[in-house]
Amino acid sequence: MPKKNLFKYTGAILLTFPFMPATVFAQGTQDRDVGEETDIAEDDNIIIVTAQRREQNLQDVGLSLSVLGNEQLDEQKVVGIADIAATLPGFDLFRGNGSNNPTMTVRGVGTTNPWINNNPSVAAYVDDVYMPVSPFLTFPIFDIERVELLKGPQVALYGRNATAGALNFISARPEGAFYGYADVSYNEHDMVEARGAVTGPLADTVNLRLAGITQQGGGYIDRLGTDSTTAGFTRVSGVVPPVASVAARKDYGDKDIFALRGSLEWFASDRVEVFLSGHYGQDRSDIIGSTAITSDRLGVFTPPAVKVPFTDYDDVEPAMDSEQYGGVFRVDVDLDAVTLTSITGYEHIDRAFAIGDFVPTRIAEPVFDESISSFNQEVRLTHEGAQTYFLIGASYGEETIDYRRDLIAYDLLLGSLSTVFEEKDRSLAVFGQGEWEFSPGWKVVGGLRYTSEDKSYSGGSIELDPFGVSQVKALFPNTAGNGLFGNPEYDDDDLSGSLALNWKPSDTVLLYASVSNGYKSGGFDGSGITEPSSFTPYGAENIWAYETGIKVFADRIQATGSFFYYDYSDKQVLALVDLGGGINEAIIQNAAGSEIYGIDLDVGLDLTDNLRFSMNGLIVSSKVTDWESADPVEVAARIGNELPGTPQASLSAKLDWSQDIGSDWELKTSAWASYTDGAFRDIENNRDLRSDERFLANARIELGQIDGGLQFYVIGKNLFDKTYVTSVRSLVGMLGEYYGEPRTVSVGVRYAFGAR
């Protein structure tokens with residue numbers, strides 16, 4: 001049986017500062033001065049980030065940035081990228097291929113394209129190593145120092161350009177004193193999670209850290225099976241095998257995940273620091289599919305008239321079989337006037353899985369076999385003076401994707417359509433950013449990037465006719481015989497830049513204004529190839545972003561607010577195309593011009609010494625302003641539509657309280673809630689595919705030793721057991737709904753040991 005992937009390694013993510021404790025700062029993060037331990041005073045208003053490739057106080061960074069620290073990651077049991085999307089306003093996640101290819105949008109910029117050869121609009125980095133494909137993002141989040149989310153185009157600081165933003169995972173670093181922890185929890189769906197880490201010195205100049213996580217169980221899906229529905233059905237008796245007998249099963253959807261990460265830090269001299277990290281993970285979890293809400297294509301099966309959420313009617317038992325590994329090798333050299341940094345990264349994943357078609361007949365059941373490798377090399381020089389700062393760098397990346405999808409249609413077309421391709425991508429970029437404080441409190445920031453990319457595709461589609469009666473070729477004649485195969489190539493280059501002005505009228509206030517130009521290269525459609533025109537690559541998309549904002553950090557209040565406007569051109573959109581015979585496919589097109597504007601607000605308030613309130617919210621408006629098509633009816637139907645993955649309003653709030661109990665123990669409670677408006681999932685704005693609005697409430701209570709040794713906790717998510725649709729899968733005229741997780745209450749214990 002196939003299986004599933006959710007692990008990772010030296011990671012860090014980007015989230016929202018108002019959710020953080022009043023003091024969150026990087027201990028031993030990667031951009032400190034070479035050869036020195038980080039020593040940052042724990043001032044209540046100091047929140048250190050490395051979003052601009054060096055340690056900075058959050059209040060000095062003139063851009064829109066959200067941060068989630070390790071304390072909150074642990075407190076809220078953030079274990080996957082979906083947990084981030086559930087918490088952070090403006091960060092939206094689309095479940096592609098049964099959540100196995102997550103696609104992200106930030107402030108409405110991004111794509112809902114689930115194909116693995118599409119580079120994400122939100123560039124994700126793990127310890128500065130670029131993750132070029134969505135399957136790399138299905139890892140569990142564990143032993144992370146912090147996550148940072150940069151909103152808006154990223155031009156001149158990172159190895160790849162991005163139109164929507166950058167998501168940075170920063171792993172916990174090895175420490176010079178012996179320390180460790182173990183955390184075990186159990187939830188009401190019978191899932192056991194165990195995680196832990198240990199760190200300490202191997203020698204005077206060498207520190208080591210080991211961390212791991214496992215998740216077992218937790219299924220909450222009711223699988224109906226086929227024994228009471230379609231077992232034995234076939235359209236051609238004696239030729240096409242019948243639908244197999246599948247027994248009903250309660251509590252389907254168990255996780256079976258295991259991941260390890262090891263990292264080593266060597267202070268080779270006062271001027272040279274070396275960081276090495278490697279990770280390995282495997283996932284053999286059940287895949288939670290969608291729940292059918294319409295009849296199958298043949299009318300053989302019809303679900304109940306009243307929807308029954310968390311029910312799986314499929315004849316396939318979707319499961320993942322995934323193995324992922326990789327690492328990073330980093331060297332920092334202090335050359336007095338400048339610091340030289342080299343970062344080498346490698347990532348690989350092999351996985352096989354089936355996701356079914358959410359009905360108990362074999363209408364269009366995709367089975368995947370994928371292997372992806374990525375290599376990245378970046379070199380940069382940085383200089384920081386009293387009034388100036390500059391960074392110049394170059395990066396090279398290459399990816400190899402081997403892909404096969406068999407679309408099994410034994411009951412609809414009496415055969416299968418197999419799509420196979422190998423794609424090789426290469427990217428080369430030079431980039432730089434400079435800052436100049438030309439007058440006390442006034443700073444100008446400018447950046448520039450040149451990018452060159454080329455991609456080669458070799459593959460296509462072919463009919464598979466195992467029973468000699470296939471009707472695939474009748475619908476797709478190009479796939480008959482030797483099939484339809486091609487070897488197209490794509491190349492493009494781009495020059496983009498950014499300019500910003502920052503003004504600090506006082507030590508506690510920052511105002512900024514910026515303009516930037518984002519770019520995302522084109523490529524090849526990763527879906528089924530049935531026509532020669534399918535080999536034509538889609539082009540690059542571009543965005544002009546304008547933003548102005550304010551940050552205020554006073555004794556008991558921290559607030560940031562910004563207004564942004566985006567002019568989006570040649571947007572890569574996922575549009576449903578009728579292939580004939582009732583079959584449709586989601587195809588990538590450069591079809592849309594659009595505009596997005598909105599207000600982003602974060603507030604944190606220390607009400608008392610032991611009571612803190614925090615809130616953040618986003619109000620956004622998006623619409624298609626231009627549509628390229630020869631069909632005037634299609635143009636009229638698209639103009640004015642909202643962009644997919646763009647809730648008009650989203651809000652989160654959190655309240656933290658703590659109280660000492662005697663001299664040794666402390667009681668902590670946290671309550672947080674979020675509201676997210678519904679959002680369309682397609683450019684057509686089909687209301688049948690729209691996600692639900694939802695209000696989710698969560699809470700945690702913890703009793704722990706003040707010295708951090710022993711902690712007992714209870715955490716509840718979705719406390720009111722809200723049932724809501726996160727996305728809808730459309731397949732051959734059938735609809736299946738994905739739901740957010742039901743109420744989940746966990747109990748756990750954590751023990752920390754050693755010096756901290």
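Which residue forms a salt bridge with Asp-92? In this predicted model, the partner of Asp-92 is Arg-681, and the closest N and O atoms of the two are 2.4 Å apart. Because Arg-681 lies in the loop between strand 34 and strand 35 (694–705), whereas Asp-92 belongs to strand 4 (residues 91–94), the pair ties together parts that are 589 residues apart in sequence. Both Arg-681 and Asp-92 are buried.

This contact is one of 42 salt bridges that the structure holds. Side chains of opposite charge can pair when their charged atoms come close. A further pair is formed by Asp-128 and Arg-380, with the closest N and O atoms 3.3 Å apart; it links distant parts of the chain, since Asp-128 is in the loop between strand 7 (122–126) and strand 8 (129–131) and Arg-380 is in strand 22 (residues 365–384), 252 residues apart. Asp-128 and Arg-380 are both buried. The side chains of Arg-362 and Asp-411 also meet in a salt bridge, at 2.8 Å from N to O. Arg-362 lies in the loop between strand 21 (339–354) and strand 22, and Asp-411 in the loop between strand 23 (388–409) and strand 24 (415–439), so this pair ties together parts that are 49 residues apart in sequence. Arg-362 counts as buried because its relative accessibility is 8%, under the cut-off of 20%, and Asp-411 is buried with a relative accessible area of 0%.

The protein chain as a whole contains 4 helices and 39 strands, and of its 756 residues, 59% count as buried. Among contacts between residues at least 6 apart in sequence, 70% join residues at least 24 apart. The chain exposes about 27200 Å², of which carbon and sulfur atoms supply 57%.

The hairpin of strand 33 and strand 34 has 3 residues between the strands, and in it Gly-662 takes a positive phi near 70 degrees. Elsewhere, an open sheet of 3 strands has the order 18-38-37, with antiparallel pairing; strand 18 (291–292) and strand 37 (725–731) are its edge strands, each pairing on one side only.

A loop residue, Gly-219, is found between strand 13 (206–217) and strand 14 (221–223). Gly-219 counts as buried because its relative accessibility is 2%. Although Gly-219 and Tyr-252 are 33 residues apart in sequence, their C-alpha atoms are 4.7 Å apart in space.

Technical notes
Residues numbered from 1 in each chain as written. Predicted model: local features only at pLDDT ≥ 70, side-chain atom pairs only at ≥ 80, totals over all residues. Heavy atoms only, no water. Helix = DSSP H or I, 4+ residues; strand = E, 2+ residues; numbered from the N terminus. Buried < 20%, exposed > 50% of the residue type's maximum accessible area, 1.4 Å probe, protein only. Pairing = 2+ DSSP bridges. Contact = heavy atoms within 4.5 Å. Areas by Shrake-Rupley, 256 points an atom, 1.4 Å probe, with all protein chains shown as cover. Salt bridge = Lys/Arg side-chain N within 4 Å of Asp/Glu carboxyl O.
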